[in-house]
Amino acid sequence: MNGYQGRVAMIELGERRYRDIFLDEGLVRKYIGGSGLGTYFLLKFCTPGTKPLSPENPLIFTTGPFQGTGIPTSGRHQVVTRSPLTGIFLESDAGGSFGFHLKRAGYDGLIITGRSERPVYLKVLDGQIGFEDGQDLWGLDTMETDARLKSVFGERIGVSCIGPAGEKQIPLAGIFHDGTDARAAGRGGAGAVMGSKNLKAIVASGSSGTEVHDRKALTVLISEKNAILKEKGAGMTLYGTVGGMGMAEELGDLPIRNWKQGSWKEEVREITGQRMAETILTGNYGCVACPVRCGRVVNIGGGNIGGPEYETMGMLGSNCLVNDLDAIARANEQCNRLGIDTISTGSVIAFAMECYEHGILTGEQAGMPLHWGSGEAVNYLVTKIGNGEGIGGLLGRGTRAAAKELGRGAERFAIHSKGLEFPAHDPRCFKSLAAGYATSVRGACHLNGYSYAWERSATFPEFGYPEKQDRTTDKGKGIMNARFQNLSSLVDSLKICKFILLMGVNLSDISRWLKCVTGWEYSIKELEETGERIYNMKRIFNAGLGLDRSDDTLPQRILAEPRGSGGSANTLPDLGMQLDEYYSYRGWSNEGIPLEEKLEGSGLREFMNWIPS
Amino acid sequence: MSRKGFTLKFYGPWQRAAGVEELFLPQESVTTVWCLIKKLEARFGEEFSSHREGLVCLYDSVKGPRALDLNEDLLPGSTILFLGIVESG
């Protein structure tokens with residue numbers, strides 16, 4: 001089957017055995033790979049009663065059909081599981097090189113269940129899977145783990161691993177790849193799930209190429225598109241995603257002082273990508289098959305380390321009122337080493353700072369004063385959270401759980417949806433993010449739909465959006481969200497980077513690539529329907545856990561407290577209106593439950609038993 | 001004999017103001033980014049650069065992009081990109 005290795009491994013850690021599951025064409029045409037295939041297996045091997053940190057919770061790694069073909073940005077993979085942070089569906093997308101090596105090893109994915117008695121790591125080498133003692137790796141940080149495994153297996157391997165945070169099953173723990181060139185499946189606590197299985201790392205390597213239906217035609221298409229992406233992505237190459245800091249502040253998008261402050265015009269200049277380029281930037285790095293290379297390398301204290309990207313700079317920086325580039329870069333490095341999500345970590349630190357300001361959390365409880373703007377406090381808390389020590393034990397459980405435990409009104413400072421902390425984009429600035437965050441299947445996520453990109457600067461004529469959308473209005477945003485969620489689900493299943501949708505890659509290109517790789521014809525309409533099917537599957541999972549409209553909500557700070565100044569001052573989103581429009585377009589009940597006829601029409605009959613009657 | 005000049009490529013708001021994706025501007029002598037923008041303003045109107053978005057960079061398909069200062073000299077034969085907002089993550 002062109003584009004696929006045709007099998008995933010079902011691995012049981014407790015019994016140290018595995019078996020191959022062979023993929024038939026009908027299945028992969030329906031669910032593609034990545035997000036779609038991962039969600040399919042989650043629904044198959046998980047039940048509504050499966051606890052996130054139980055041995056039964058499957059931890060699923062999937063690649064896509066473009067992996068290994070050279071298609072721009074196709075070096076990505078997906079991690080799918082049930083989240084210990086939110087308790088609901090979790091998928092997390094990562095770049096780097098692990099997905100590439102996993103597919104070269106002869107697998108389209110891994111489904112990992114069970115719990116090893118002792119720390120273990122997996123070898124996936126040329127179609128064979130081995131279980132190795134991981135005791136010597138236990139306690140190492142992610143970069144040490146990567147280096148240690150490369151010293152054993154050589155440089156031409158992919159390593160997926162957890163740090164100390166994952167080992168301790170801290171709900172903010174992610175799964176990390178590529179050592180110092182860190183790329184993370186960061187959000188939602190997949191690292192804690194891996195730690196709960198006593199699985200420290202996965203090593204993948206092999207020589208199985210990806211068979212392609214029409215290599216000659218594909219080579220021409222790749223060459224043409226790479227040239228365009230290099231030009232259109234030049235800003236990202238030069239400044240990384242953090243090049244957008246200044247504009248985010250100007251528009252009123254940037255989180256400032258735990259989402260309470262409107263503008264920060266002078267201060268932000270110290271932490272833009274442009275400022276980074278003038279000061280500490282020493283290079284850049286990229287994922288496999290990416291011509292843009294947005295990853296940053298910076299020099300701190302005489303050594304080169306990975307630099308913060310936009311989300312990290314927003315959450316550990318402006319959201320905590322820290323504009324010390326050095327301090328943020330050190331905190332980013334520490335998050336990557338300990339293996340924790342920079343977005344949720346920044347959010348929970350800002351939450352702690354606001355609790356401290358209001359006397360809900362004392363300096364004695366925290367271990368030091370938590371003043372706004374203190375880079376020292378940010379770095380202190382990162383270390384505490386990543387090691388699960390002191391106040392970090394509480395904060396590492398996320399803002400929702402920490403607020404509940406602290407009480408005394410702390411809930412109003414917890415900026416999350418469904419337990420997942422907000423990333424660094426504001427629904428008061430880009431209205432579509434209101435329904436976007438509220439309905440996102442893993443909790444607040446800007447990439448679940450990526451709708452705001454089309455309210456900021458991008459156009460997508462082929463998808464019915466020939467003009468930049470008005471970011472200040474609510475009307476139409478429910479529909480827009482649903483459609484871009486479908487598109488994102490498709491892209492996450494193919495496993496390409498969403499950034500290229502802003503740089504001249506459209507659905508016709510994707511359709512042509514898919515034809516060249518697999519030989520299959522997909523119309524643009526069929527591509528969107530495939531994305532919709534996959535999105536509905538994720539919602540089915542959450543509906544099975546009892547979630548409905550009442551869970552599709554946002555914090556009061558976002559719904560009722562406008563920014564007082566800046567580019568999105570004095571405006572609030574109308575979530576109720578957006579949700580009505582959204583559910584209606586989706587063919588779900590007004591309570592947000594997918595309806596039987598919709599699921600039937602999408603070919604999802606086999607999962608109807610997940611929907612509570 | 002090929003003509004001397006600058007290959008200009010426009011993106012985002014620059015493209016909307018210019019109304020074209022690409023333009024060849026004949027010129028035999030060295031100029032600066034600032035002078036180039038002034039020439040383009042005269043051609044496309046002041047809104048060409050009034051959006052204050054993005055960056056101007058020199059582009060080489062082998063060496064990649066390099067951001068330009070407004071007063072930097074440009075050699076004929078160069079490709080110049082006028083990029084829209086630097087997209088954030």
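Two residues are in contact if their C-beta atoms, placed from the backbone, lie within 7 Å. Keep that rule at hand for this tour.

The model is predicted, so local features need pLDDT of at least 70 and side-chain atom pairs count only at pLDDT 80 or more, while totals for chains, interfaces and linings use all residues. Residues are numbered from 1 along each chain as its sequence is written, and chains are lettered from A and ligands numbered from 1 in the order in which they are written.

**Stop 1: the domains.** Colour chain A in three parts: domain 1 (7–205), domain 2 (236–410) and domain 3 (432–553 + 574–610). These bounds come from an automatic or database domain assignment.

**Stop 2: domain 1 against domain 3.** Show these two domains of chain A. Their centres, taken over C-alpha atoms, are 25 Å apart. Here 37 residues of domain 1 of chain A are in contact with 28 residues of domain 3 of chain A. On the domain 1 side, helix 1 (25–31), helix 2, strand 4 and strand 5 of chain A each give two or more residues. Helices (H or I, at least four residues) and strands (E, at least two) are DSSP runs, numbered from the N terminus. Helix 2 of chain A gives the most, with seven residues. This side of domain 1 divides into 13 nonpolar, 18 polar and six charged residues. Ala, Val, Leu, Ile, Met, Phe, Trp, Tyr, Cys and Pro count as nonpolar, Asp, Glu, Lys and Arg as charged, and the others, Gly among them, as polar.

**Stop 3: the sheet.** Switch to cartoon view. In chain A, find the open sheet of six strands, in the order 2-1-6-3-4-5, with mixed pairing. Strand 2 (17–22) and strand 5 (89–94) of chain A stand at the edges with a single partner strand each, so one side of each has no neighbour in the sheet. Two strands pair if DSSP finds at least two bridges between them.

Next, select strand 3 (residues 59–62) and strand 4 (residues 77–82) of chain A. They pair in the antiparallel sense over three bridges. Click F61(A): V79(A) in strand 4 of chain A stands opposite.

**Stop 4: chain B.** Bring chain B into view. The contact takes 23 residues from chain A and 19 residues from chain B. Helix 8 of chain A supplies the largest share of chain A's side, six residues.
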